[in-house]
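Biologist: I would like to learn how to read the features of a model. Please take me through one, a feature at a time.

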Amino acid sequence: MGDNLLVTGDSETPLMIKITQLSRRWRKRILLVTGLFSAYVAFGFLLLPWLLHNTLTEALSTATHRPVTLAVLKINPLTLSATLGGLEIGTADQPLARFEEIYINFSLGSLWHRAYVFNTIRLQAPRAIIAIDRRGRINFQDIMPANSTSANNNPPPVVVIQSLEVTRGSIDFEDLSRPTPFRTNIATLNFSLRDFTTRRNVAGNYQLTVATDLGETLAWQGSLQVTPFRSEGTLRLGNIRTETIWALAGAGFKFNLEHGLIDISSHYLMNLGAAEPQFRLDGMNMTLRDLQLLRRGATEPVLVLPRLDVSGLNLDWQHHTVAITDITAKDVRLRAARETDGQLDLRELFTREPLAVNASAKSEKPSPPWQITLNNTQLQTASLQLEDRTTMPSAHWHLTPFNMNLKNLAFGSEKPVALLLETGINTRGHAELHGELTLSPPGGNLNLTLTSFDLTDIQPYVQHAAQLQLRNGELNVTGHMDFVTENDVPAIKFSGDAAIQKLHAVDILRNEDFILWEQLAINGLSYDNHTARLTMKELAFTKPYLRFIITPDSITNLSHIFSPPSQTASEQMATTTPIDEKKATSLTTIDQVRITDGTLNFGDQSIKPNFNTGIQQLNGTIHGLSSKELARADVELQGKVDRYAPATIRGKINPLSNDAFTDLAFNFRGIETTAFTPYSGKFAGYKIDKGKLNVELHYLLSKKMLQGENKIVIDQLQLGEKVESPDATGLPVRLAIAILKDTNGVIDLDLPISGRIDDPDFHYGRIVWMALKNIIVKLATAPFRALASLMGGSEEGANQVSFIPGKTALSTEELEKLGKLAQALAQRPALALEVRGTASPADANAIAAAALEQRLTAQPGESRTQKIHAVYLTVYGTAATTLLPPPAPGETLTSQQIQENAARAAETQLLAAMTVSDDELRTLAQERAQAIAAALIEGTIKVDAERVFLLDVDTRTDAGTVVTVPLSLQAR
């Protein structure tokens, strides 16, 4: 080998010579190549790094406008590779980037591939520092290429990277432009890219893994094509903290998202080279864990979301569609409040504060709406706590466990959505709602079930409207609801049944039971808000109880309960409720109201002692209630007053109409009158010892006008001891009762009343008492007139008997009058008659005339004139002619005329001289009283002598041609 060639034979042959000459030439060539290679290697390994070190750092410093340091620069000319170690851009105080090592392996294939071909590019432990200052400037903004328009449209050079690797990379990010500065660090970033090229329609494969110092991870792999840009692969995010995302995206909102962790996995496709850019996510799954939403500055979370799973999400940006197979949230806890203005407090949280807007930004053409479909959405075992602050005190609602399932939910679609919702309500209630919903337009077809709803939970709302305390009550509802929206107005229809069990409501002011019932069943309930129609087939009350009282200030408990607490009693009486004009167009009908074993208690505390009574065992029905003006409902109720006295209520009513028509007849039998002692003591001044009361009431109310007919029958009424009362009448109540009582001890009284109920002075109790008082006044002031009226006779002269002066005999007319009086007294055995005999001066004259006539009759004589002359002469001893005055001049009288004139004067003188003693007048008066008593006691209708009383006579009565003896009535 070399110069020592083996040959055969003893000497060199020509072949050997030629070979020797050829090897010398190659040796020279090899030596030359070796020398050049050695020089190349020496230059590449030793000289070139020294030459390029400063040049490279200066170029980088110029390009970055920052100092650049490079610790190590190695070049391998054999492999066409370079290694940069310890590269730092920026100062120690303001670093921009650091690289532990950069390895670049260039390929000679670039020569024949007509591209920049790199076999390997490897970055070890790169660290990037990205900072945004308070004015929004990025720390590397000054080295970014400015946007410029160039006429040079040459395509960019082709780059091929067969392998690109980033290991142990990290990124420090800081944003000081936000209201709350944001800082984060990506601690571990690994990235690999295979067969990357910028050639058209050629893709390479990549793999990226990222981990932050908080344990957040990113795994991203797939294919990447640059020209045109297209990438497809899978993306996996793990333990992504919501604080990190919210710190970037939550500016302007008034809440923070904390503690949440997000896991996402998805296949994706991004294609910017298509006719329309494409971006798709296929089969994306996401899990959100341990999320809490807090108001800024608060410590208690508004929302706690332990877990949210989203599976099968497909997104197509080009076609604006999102389809999700399943969304499931478990154990969600939400706290919300309805503020005093009726708005939810969450509304404020999700109202974003205005952010700075770039004025130079151009408005983009609005994109088409997104079509979002959710195949199955579930909310499981959630807990919703709601506070309603529109009431005082606040109302609290706790809905748990709250479960909801929606199927086939499509936003913007008219397809129905299947809904199933069930929840507990506070401590006892349970609600279920299932059916179908439509979102566009809003509508639904739903079945509702509400069971064991505790009515005490609505106490704040009740207390806001009435001074009532609900101590018990349970609501149950089953029904079906349809609703549609037309012209943004919802039309709702509901049909079903409801029941309120064991209601117990207490008057807060008096701490007394107001209304109770064992059950109220609302059967066949139907409501249509579009036509304002409410119908009920039956309202069935079982064992209802209502307490109606008149308070000490003479106001009913209803006025107290349903009036604002600040109103005074006088304001409550004056308060009127305006008629709702919409009521005229609404229609309410109740086919039947059924009452079973009801109780109505009435109490009047405005008098002392208090009055209390009640109707028990009230049963019956009301048929045909309607708000139609001409509708009339039939009332048929039966009960017992104070457990024993039967009571019936019959008639027709229309309380739902504006006219509030009422035509009712009340019939009460056998009520003990002793219960009314408080009233008799207050108004009459007497207690009641005994009596039974029957009442027939008929009230007609139409167009605000009340006409009442009260027929009152009292059996064996007996007044007791007198009661001192400032309100008691001074009228002879006992006499009035005695006049009213018949032979059987029964008082039969008609008591009509009338008045306008919209008159501020209208008060039913006052009107009844005034009507009764008017009757007592008439009876007391004109008892004989009242007695005659009761008996159907004439009232003229019923209270006196007339006599001829000086006579004691009764005329036929007076006897007839006394007969009628006897008949009346026979019918009113509680009455006693008092007779006061009278005599007058007319009686004295009559007695004197009778005595003179008697003496004249005994005197002899032919004529009355002669007898008068004779008597006068006997009495006075002179002739009667001496009484005549002298004749007037020129007067001429005959002897007969003189005798007659003298006789008249003598008779007058004789009568004047005659005296009638008081004893005679008293005797006359007594005889007259006895004649009247005899006519009554011994007449056809005999009056018991014990009922006729002769009073001391009156002889000073002044009378005319007729003397009257007065009669008076008294209660026995």
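Biologist: What does the accessible surface of the chain come to, and how much of it belongs to carbon and sulfur atoms?

Modeller: First, the ground rules. This is a predicted model, where local features need pLDDT of at least 70, side-chain atom pairs count only at pLDDT 80 or more, and totals for chains, interfaces and linings use all residues. Residues are numbered from 1 along each chain as its sequence is written, and side-chain values use heavy atoms, with hydrogens and water left out. Accessible areas come from the Shrake-Rupley method with a 1.4 Å probe; for residues, only the protein chains shown count as cover. Here the chain's accessible surface is about 55,200 Å², and carbon and sulfur atoms hold 57% of that.

Biologist: How many helices and strands does the chain have?

Modeller: Helices (H or I, at least four residues) and strands (E, at least two) are DSSP runs, numbered from the N terminus. This chain has 16 helices and 37 strands.

Biologist: What share of the residues counts as buried?

Modeller: Buried means under 20% relative accessible area, exposed over 50%, partly exposed in between (1.4 Å probe, protein chains only). By that rule, 39% of the 972 residues are buried. Helix 9, residues 733-740, is mostly covered, with seven of its eight residues buried. Among them are Val 733, Leu 735 and Ile 737.

Biologist: Which residues is Ser 81 in contact with, beyond its neighbours within four places in sequence?

Modeller: Contact means heavy atoms within 4.5 Å. Ser 81 touches Lys 74, Ile 75, Asn 76, Tyr 103, Ile 104 and Asn 105, its neighbours within four places left aside. Ser 81 sits in strand 2 (residues 81-90) and is buried at 6% relative accessibility. Thr 120 is 39 residues from Ser 81 in sequence, with 8.7 Å between their C-alpha atoms. For the chain, take contacts between residues at least 6 apart in sequence: 58% of them join residues at least 24 apart.

Biologist: How many aromatic pairs does the structure hold?

Modeller: Rings of Phe, Tyr and Trp (its six-membered ring) pair if their centres lie within 6.5 Å; planes under 30 degrees apart count as stacked, over 60 as edge-to-face and the rest as tilted. The structure holds eight such pairs. Trp 517 and Phe 541 make an edge-to-face pair, 5.5 Å centre to centre with 75° between the planes. Trp 517 lies in strand 23 (residues 512-528) and Phe 541 in strand 24 (residues 533-542), so their pair ties together parts 24 residues apart in sequence. Trp 517 is buried at 11%, and Phe 541 is buried at 18% relative accessibility.

Tyr 872 and Tyr 876 form a tilted pair, 4.6 Å between centres and 35° between planes. Both lie in helix 14 (residues 864-876), four residues apart, about one turn. Tyr 872 is buried at 4%, whereas Tyr 876 is partly exposed at 31%. Elsewhere, ring pairs link Tyr 206, Trp 220 and Tyr 268 into a cluster.

Biologist: At roughly what angle do the axes of helix 13 and helix 16 cross?

Modeller: Axes are lines fitted to C-alpha atoms, for helices over the stretch in contact, and angles run from 0 to 180 degrees between N-to-C directions. Helix 13 (residues 841-858) and helix 16 (residues 918-937) have axes that come within 10 Å and cross at roughly 105°. Angles under 35 degrees count as roughly parallel, over 145 as roughly antiparallel, 65 to 115 as roughly perpendicular and the rest as oblique. Helix 13 and helix 16 are therefore roughly perpendicular.
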